[in-house]
Each structure stands twice: as C-alpha cells, then as structure tokens.
Amino acid sequence: MTSSRLAPGAGIVTVPGGRPAVRTAEGEFLHLDTGAADLAALTRRLVSGEAASDAEVARVAAAFEREGHAVRPASEEGGRLTGRTVLLLGDARLTGPLARYATAEGALARHATPEHVARLADGEGADASTAVVWCLDEPVPPGLWDVADRLPAHGTAWLRCHREGAHLWTEPLAAAPGDVTSAHVRLRRLAATSAHRQLAAYWAGHRTPDNGPHPGEAAAALVAALLTADLLAWAVPGPNSGLPARRRLRRVDLRDLTVTEHPVLPVPPVAPLPGRESGPA
C-alpha cells in the first residue's frame, strides 16, 4: 500500500538550533516531537512516500495522517467526490465547468431532467450519495423549484444557483430534512428588504425583458468552484457534514467578481392563526 504523504500546504520545518516544527496548511506552526524516530527518515517517508522499516517512523507518520497533516495520494483513494453522483440541470454555461470540476474530484456527473428530479423528490431511487444541482442564468420562474425542495426529505442533496440582473446567487446546500430550501431563501430575502412587494413582483415575472449581464468564462468558473466547494463539504462523512455550506447564501457580483456571504436559517413552520371567536365583542 502506498504510504501517506504530507497534506497539500503542510510541511516540516527544521529550525537551526531548535526543535523541528510542522507548518499546517492553515499556516500554524506546531512543535514536532519525533521521539525515537529519525527525522530524516520520517521526512523522506512523508515527502516521497519512501517505505520505512522503522516502527517509530511508521508510528509518527500515522500520527501525521490521524491529525490531517498527511493524506493518501489521490491515485489510491480517489477524489473527494468518489462514489457520489451529481445530477446537473439548467444553463450549460454554468453546468459545463461544474461538471468538469465535479468529475475531477471523482464524481459521476450526469445531466438530468425535471422529470427525473420529480421522481427523486417522490423517493423513487433517492439515496444519500446523490446531489442535484440546478443552475439558472435568469431569475427562478415561479414554482420551478418547488418539487426539488422535497429532495432533502428523501436524503438527496439539493444545491442551486440563479442570476438576478448583475448578481448571481448560490443558495445553501440542503442535505437533510430541516435544511434551507429555495422557498426558505425567498421568505428570508423578502423579510430582509423594505421593497418586498417589488421583489415579489420581480420574481413573479412582472419586469422588463432580461438584458444580462450573463456570466462570462471567469465568472462561470468562479461560480462552479463555489458550488464544487459546497459539494466537497457535503461529501465529508458525518451527520453534520457540510453544515456551513448548508447555512450560507452567497451573492456573486458578475461585474467585478466579488463574493459576499450571508448566513441564512430554515424558516420554521408556522401554525395557522386561530379563528376569531364568535359571540359578542
């Protein structure tokens, strides 16, 4: 089996006259206590994958891997989306680069249809290894994503983006019941603006014809990279995998490619208002 190597961005720093250190991918320096292990042999193993018969070197190398400072080569473990299926719908200028990025991470990227999504939303063939990503180079037509909002209830992940004028929005990934759906995002955005009537009318289609700007190659690559990052967070094992991505709304300004993030939470169900009691006032 191939030995683990230093994780991308991590390294071993030899300090003249002092103890060696580990520089983590985040830029932190940690004191390195190799114990009885030979530092040179440990470095060769973690840099080049050279096998070492020394049990102490193997022990320290295993500690590097356990703490996330060493990883198995991608050729051995596959990409981080290996075993996952990503179903793509929408505009090719956005789904094209996303398909390439997801495939490079090991995913099976396939184009799907709204009818296929509807079957998954009914629980037919749904599973926790599938994500549906729907990208629109326009505002979301009324009701288009209502059915897809049911996907997380059956374990299928649900990720989406759309453009409104010069802004492209990437909405939180929903992967489990109770996550943020597109309906929740609409309610939160309406509640956050004093122009809620105008925004609702805009979404309903009471507007002049769209005149762009459409995402260019750089903008499409940026959006695809952001969506891929959300998929990578979703693919991490554990009940809370990708939780930040499941609570984050992004706005990409297509004019200068700036990205702003906004936390967003699900909208809890509201009980109907009680009826007015009959009788004298």
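Two strands pair if DSSP finds at least two bridges between them. I also noted that helices (H or I, at least four residues) and strands (E, at least two) are DSSP runs, numbered from the N terminus.

**Entry 1: ground rules.** I am reading a predicted model, where local features need pLDDT of at least 70, side-chain atom pairs count only at pLDDT 80 or more, and totals for chains, interfaces and linings use all residues. Residues are numbered from 1 along each chain as its sequence is written, and side-chain values use heavy atoms, with hydrogens and water left out.

**Entry 2: the whole protein.** I looked up the secondary structure and found eight helices and 12 strands. The radius of gyration (taken over C-alpha atoms) came next. It is 24 Å for the protein, well over the 19 Å that the globule rule gives for 281 residues, so the protein is more spread out than a compact globule. That rule is 2.2 Å times the number of residues to the power 0.38. The C-alpha trace spans about 85 × 50 × 40 Å along its principal axes.

**Entry 3: the seven-stranded sheet.** I traced an open sheet of seven strands, ordered S7-S6-S8-S9-S10-S11-S12, with mixed pairing. Its edge strands are S7 (108–111) and S12 (258–263), and each pairs on one side only. The twist averages 20 degrees from one strand to the next. For such angles, axes are lines fitted to C-alpha atoms, for helices over the stretch in contact, and angles run from 0 to 180 degrees between N-to-C directions.

I then checked S11 (residues 248–253) against S12. They pair in the antiparallel sense over six bridges. Arginine 248 stands opposite proline 263 in S12. Leucine 257 sits in the loop between S11 and S12. Its phi is near 60 degrees, a positive value in a residue other than glycine.

Entry 4: Which strands does H6 touch? H6 packs on S9 (157–164), S10 (167–170) and S11, and its direction makes about 45 degrees with that of S9. Contact here means heavy atoms within 4.5 Å. H8 (residues 217–235) lies across S6 (85–90), S8 (130–136), S9, S10, S11 and S12. H8 runs at about 160 degrees to S9.

H6 (residues 182–191) also packs with H7 (residues 196–203), at an angle of about 145 degrees and with axes 9 Å apart. Arg186, Arg189 and Leu190 of H6 meet His196, Leu199, Ala200 and Trp203 of H7. I sorted these residues into four nonpolar, one polar and two charged. The classes are: Ala, Val, Leu, Ile, Met, Phe, Trp, Tyr, Cys and Pro nonpolar; Asp, Glu, Lys and Arg charged; the others, Gly among them, polar.

Between H7 and H8 there is a loop that holds proline 213. A cis peptide bond joins glycine 212 to proline 213, with omega about 0 degrees. Most residues other than glycine have a negative phi, and most peptide bonds are trans.

**Entry 5: the three-stranded sheet.** I found an open sheet in the order S2-S3-S4, with antiparallel pairing. S2 (11–13) and S4 (29–31) are its edge strands. The twist averages 30 degrees from one strand to the next. S3 (residues 21–23) is joined to S4 by three bridges. Valine 22 stands opposite leucine 30 in S4.

**Entry 6: H1 and H2.** How do H1 (residues 39–48) and H2 (residues 55–66) pack? Their angle is about 50 degrees, and their axes are 10 Å apart. The contact uses Ala41, Leu42, Arg45 and Leu46 of H1, with Val57, Ala58, Val60, Ala61 and Phe64 of H2. Eight of these residues are nonpolar, none is polar and one is charged.
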